[in-house]
Amino acid sequence: MTQQIEGQRRVRLNRDRVLQAAVSLADEAGIDELSMRRLGQELGVVPMALYKHVANKEELLDGMVEAIISEIDPAVGGADWKNAVRLRVLSARAVLQRHRWARNVLESRTNQTPAVLGYMDSFIAMFLAGGFSVDLTHHVMHAMGSRIWGFSQELFDDSAGPGGGAAAEVAPEVQAAMFQQMAARYPNILQVATAASHDEGSVVGHGCDDQFEFEFALDLLLDGFERLHRQGWTSRQAKKQQRNDG
């Protein structure tokens with residue numbers, strides 16, 4: 001009977017099921033807990049059964065990236081480029097907030113898989129469809145960087161802890177002592193870093209509003225891209241101006 005059940009499980013096992021199980025495991029336990037052995041236990045199969053669908057751990061991680069990319073909303077048809085880009089970026093951000101481990105995995109990938117290339121290609125298409133030149137689009141993509149995936153490395157970002165989870169909670173009294181030390185050594189950094197807390201009337205607050213800061217920077221970039229596009233900006237002209245200014 002046991003062998004019959006195991007046989008049925010093996011028949012039902014496929015690559016999509018393996019990847020979805022891996023994503024769910026990372027969501028629940030953290031990416032550091034993900035292993036072929038642990039994943040096999042979750043699926044009720046021996047680890048070797050997984051290798052029929054993913055060659056190794058790296059291919060598994062690439063497949064997990066593929067799975068989360070599929071959750072990002074497609075570009076909005078008929079919308080202006082600025083709104084289309086904004087909605088796509090915020091959709092990507094929502095996906096990464098559902099899968100807190102995904103940012104670290106995205107940053108660690110060295111393989112440009114078809115899913116990653118396809119997403120980047122569709123992102124570029126939104127700017128080209130908006131009338132951007134290839135030249136400007138090239139530099140726009142550099143400026144966007146990781147924001148196309150819904151995250152950025154912020155100056156005061158302490159939200160991501162080891163394994164892609166939330167940072168460890170710090171007791172209020174410990175945080176207050178840390179702030180007092182910083183106030184004596186780095187008063188300007190502390191003043192800027194705790195600006196949001198001061199607005200709320202508390203010296204010891206909960207840090208920046210990550211979503212607000214992300215959208216603030218995103219909107220600044222999009223406004224800047226729009227201005228350059230209207231001006232007919234080219235990198236050749238910009239470099240020539242730099243040489244003349246120098």
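Reply: Aspartate 135 lies in helix α9, residues 134-144. Helices here are DSSP runs of H or I with at least four residues, strands are runs of E with at least two, and both are numbered from the N terminus. The model is predicted, so local features need pLDDT of at least 70, side-chain atom pairs count only at pLDDT 80 or more, and totals for chains, interfaces and linings use all residues. Residues are numbered from 1 along each chain as its sequence is written, and side-chain values use heavy atoms, with hydrogens and water left out.

How accessible is aspartate 135? Its relative accessibility is 24%, so aspartate 135 counts as partly exposed. The cut-offs: buried is under 20% relative accessible area, exposed is over 50%, and partly exposed falls in between, with a 1.4 Å probe and protein chains only.

Now its partners. Set aside neighbours within four places in sequence, and aspartate 135 is in contact with Trp233, Thr234, Ser235 and Arg236. Contact means heavy atoms within 4.5 Å. Take threonine 234: 99 residues separate it from aspartate 135 in sequence, yet their C-alpha atoms are 6.5 Å apart.

At 3% relative accessibility, threonine 137 counts as buried. Leaving out residues up to four places away, threonine 137 touches Ile124, Phe127, Leu128 and Phe132.

Phe127 leads on to the aromatic residues. Phenylalanine 123 and phenylalanine 127 sit four residues apart in helix α8 (residues 114-129), so about one helical turn separates them. Both phenylalanine 123 and phenylalanine 127 are buried. Rings of Phe, Tyr and Trp (its six-membered ring) pair if their centres lie within 6.5 Å; planes under 30 degrees apart are stacked, over 60 edge-to-face, and the rest tilted. The count by this rule is eight aromatic pairs. One of them joins phenylalanine 123 and phenylalanine 127: the ring centres are 6.2 Å apart and the planes are at 45 degrees, so this pair is tilted. Trp81, Tyr119, Phe123, Phe127, Phe132, Trp149 and Phe225 form one aromatic cluster.

Trp81 of that cluster is touched by leucine 222. Leucine 222 is found in helix α13, residues 210-231. Its relative accessible area is 1%, so leucine 222 is buried. Beyond four places in sequence, leucine 222 touches Trp81, Lys82, Val85 and Arg86. Valine 85 and leucine 222 are 137 residues apart along the sequence, and 8.5 Å apart in space, C-alpha to C-alpha.

Leucine 90 has its place in helix α6, residues 81-98. Which residues does leucine 90 contact, leaving aside its neighbours within four places? They are Gln211, Phe214, Glu215 and Leu218. Phenylalanine 214 has a charge over its ring: arginine 93 lies over the face, at 4.3 Å from the ring centre. The rule asks for NZ of Lys or CZ of Arg within 6 Å of the ring centre and within 35 degrees of the ring normal.

Next, helix α2. Two packed helices are described by the angle between their axes and the distance between the axes. Axes are lines fitted to C-alpha atoms, for helices over the stretch in contact, and angles run from 0 to 180 degrees between N-to-C directions. Under 35 degrees is roughly parallel, over 145 roughly antiparallel, 65 to 115 roughly perpendicular, and the rest oblique.

Helix α2 (residues 15-29) meets helix α3 (residues 36-43) with axes within 10 Å, crossing at roughly 105 degrees. So α2 and α3 are roughly perpendicular. The contact uses Arg17, Val18, Ala21, Ala22, Leu25 and Ala29 of α2, with Arg38, Leu39, Glu42 and Leu43 of α3. By class, the contact of α2 with α3 has seven nonpolar, no polar and three charged residues. Nonpolar means Ala, Val, Leu, Ile, Met, Phe, Trp, Tyr, Cys and Pro; charged means Asp, Glu, Lys and Arg; the others, Gly among them, are polar.

The axes of α2 and helix α5 (residues 57-69) come within 9 Å and cross at roughly 85 degrees. That makes α2 and α5 roughly perpendicular. Residues of this contact include Val18, Leu19 and Val23 of α2, and Leu60 and Met64 of α5. The contact of α2 with α5 divides into eight nonpolar, two polar and two charged residues.

Last, the whole chain. The protein chain has 14 helices and zero strands. Of its 246 residues, 34% count as buried. Among contacts with a separation of 6 or more, 71% join residues 24 or more positions apart.
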